[in-house]
Amino acid sequence: MMGSHLLVLSRRYSSLLPRVWLAVVLFAMTVSPPVQVAVLAGAEPAIPVAEAPKDVGQLRGLQKQVAELIEKLKPCIVCVRIGNTQGSGVIVTEDGYVLTAGHVVGEPHQSCELIFADGKRVKGETLGRYQDADAGLIKITEAGPWPHTEMGVSKELSEGAWVVALGHPLGYMSGRPPVARLGRVLRNRDTFIRTDCPLVGGDSGGPLVDLTGKVVGIHSRIAGPTTMNYHVPVDVFRSNWDRLVKGEIWQDPMPGRDSEEVKRVVADVIRPEVRACVVMVRCNGRDTVLGTVVGPDGWILTKASELKSPITCKLSDDRELPAEIVGISEEHDLAMLKVEARHLPAIPWARSVDCQPGYWMISVGFHQDVPLAIGIVGAPARRIPPQPGILGVTLEDTEAGPRITRVMEQSAAAAAGIEEGDIVLEVDGKPTPKTTDVIEAIRRHRPGDTVKLKLRRGDQTLEVTATLKQLDSPSQRRREMQNRSDVGLSRRADDFPRVIQHDGVVPPQLCGGPVVDIDGRVVGINIARAGRTETYAIPTDTLLGLMYDLMSGKLRPASENASESN
């Protein structure tokens, strides 16, 4: 898929492929069925496996059959355009029903455009989507009849059978018909078919056909190797046809940690006064982050790094009130807001926090009867070190001072005009006689911070300002990509004096709310989504120690002091 509907890249599905420990004797025709399988006594029934061709003559026969098949199917295959996104589809009825992938359909009852191999364009409407299977349906809304092909029976498809994948890789290209790829079925299960027909973005929703020209699957997702291409079995469409036609969106109930049955049990733990303490903090009229009422006279604690004026707070009773920042703890990324309100609920803090690894952590949401997230403590409370900013140079000690021996490409140093051979005299006004002095001075800063360096270049002394960057390496980029998957990361997710780590999935924009233990006591406030496996919460004992300073006004940011004096 192009645009926002990319063919889903996923490695996790490879774990769904069980090994088959069956002894079988095969008697298979290579190109055309039927395939006969004799199963030895005591073994479980298996999906038949088709043998590979034995000679060039059989390959020539396959070649002829595939070429005729492609020509026959070309008129039935369409490019699907929904807004700025593209995918593929195949027409399977004379009146214009089009099979495609669920992630191509997106939402039901959207207008879409279908493009044929000859460039003809017609209008269509998206219908239903079975989310777990990634099955979707579209209907051409213009009068037919339309070229179409039949749906086969995917459960009868032999592993090893030859199949053809068709679609529009990387999107529709004028003058290029649907592109064909040939491969074999590697796995055939009720919920997926895996082949070695290589797919790419834009193919999503295109058909996988057997050698009779019948659709046996719809392209859904890929993993890294070209042998890992996954398709929705066509039997899924057949057994859910009525719901797809009606435009329903559904998924199978899952017995997971966040299932409704578990959330209902945990919901009873959250006291009404705790729910009433959760507010939505809005910046420039947009929901930005959660906040927690910490005083009945309008004191609200939230995550500082997400705030931009003007700020309002939407309370549990739906009042939306202007808020001012009265204190910020940069160290903890906490901000104290004040709204003009009285008699707000009192939050039941846990005076002592005993959050051992394995203890439940229940995150409370805004206007939610059930928890925002459920998880457990994953590690003892600890300090989270800062991610240092990177200047992008190598240094060596000389009699004149630290000399730059290399400037990395596209680094902060390169952008600032620093050159090899420069001697670093000062960083932020402090002398740096040794390379260790430069390193320590830079390490105090985070990515995005600016540092001022005084340099000697030949007979010149000059000052430059560099904006530090993150560490950039293949392993770091891979780690970052994995960590950002699912709900993303908070803008500030490190450099905390002490946090509790738990595995509740709290999106960055929903940090700032309270966390309770299994007894309903408030044990902390979520402060950051730090990775795919962790959310950080500042424990209650730390929060209570900060309250006076945050409320007193002495930690009020300079901009707020200036506006107050005016």
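**Entry 1**

I looked up the bridge partner of Pro 514 and found Ile 525 in S33. This is a predicted model, in which local features need pLDDT of at least 70 and side-chain atom pairs count only at pLDDT 80 or more, while totals for chains, interfaces and linings use all residues. Residues are numbered from 1 along each chain as its sequence is written, and side-chain values use heavy atoms, with hydrogens and water left out.

I then checked the pairing of strand S32 (residues 514–516) with strand S33 (residues 522–531): three bridges join them, and they run antiparallel. Strands count as paired if DSSP finds at least two bridges between them. Helices (H or I, at least four residues) and strands (E, at least two) are DSSP runs, numbered from the N terminus.

I traced the sheet onward and got a closed barrel of six strands in the order S23-S24-S31-S34-S33-S32, with antiparallel pairing. From one strand to the next, the twist averages 50 degrees. Axes are lines fitted to C-alpha atoms, for helices over the stretch in contact, and angles run from 0 to 180 degrees between N-to-C directions.

Next I looked at helix H10 (residues 540–552), which lies across strand S31 (496–502), S33 and strand S34 (534–539). Helix H10 runs at about 50 degrees to S34. Contact here means heavy atoms within 4.5 Å.

**Entry 2: Asp 517**

I found Asp 517 in the loop between S32 and S33. Asp 517 is buried, with a relative accessible area of 8%. The classes are buried under 20% relative accessible area, exposed over 50% and partly exposed in between (1.4 Å probe, protein chains only).

The side chain of Asp 517 reaches the backbone nitrogen of Asp 519 at 2.9 Å, and a polar contact of 2.9 Å joins it to the side chain of Arg 521. A polar contact is a pair of N or O atoms within 3.5 Å; within protein, one must be able to donate a hydrogen and the other to accept it, and residues adjacent in sequence count only if both atoms are side-chain atoms. Neighbours within four places in sequence aside, I listed Val 269, Trp 360, Ile 362 and Val 523 as contacts of Asp 517.

**Entry 3: Salt bridges**

I noted 25 salt bridges in the structure. The criterion is a side-chain nitrogen of Lys or Arg within 4 Å of a carboxyl oxygen of Asp or Glu.

I looked up Arg 556 and Glu 324, whose salt bridge has its closest N and O atoms 3.3 Å apart. Arg 556 lies in the loop between H10 and helix H11 (558–565) and Glu 324 in strand S21 (residues 320–329), so the pair ties together parts that are 232 residues apart in sequence. Arg 556 is buried at 15% relative accessible area, whereas Glu 324 is partly exposed at 35%.

I also looked up Asp 494 and Arg 446, a salt bridge with the closest N and O atoms 2.3 Å apart. Asp 494 lies in the loop between helix H9 (474–484) and S31, and Arg 446 in the loop between helix H8 (435–443) and strand S29 (450–457), so this pair ties together parts that are 48 residues apart in sequence. Asp 494 is buried at 11% relative accessibility, and Arg 446 is partly exposed at 21%.
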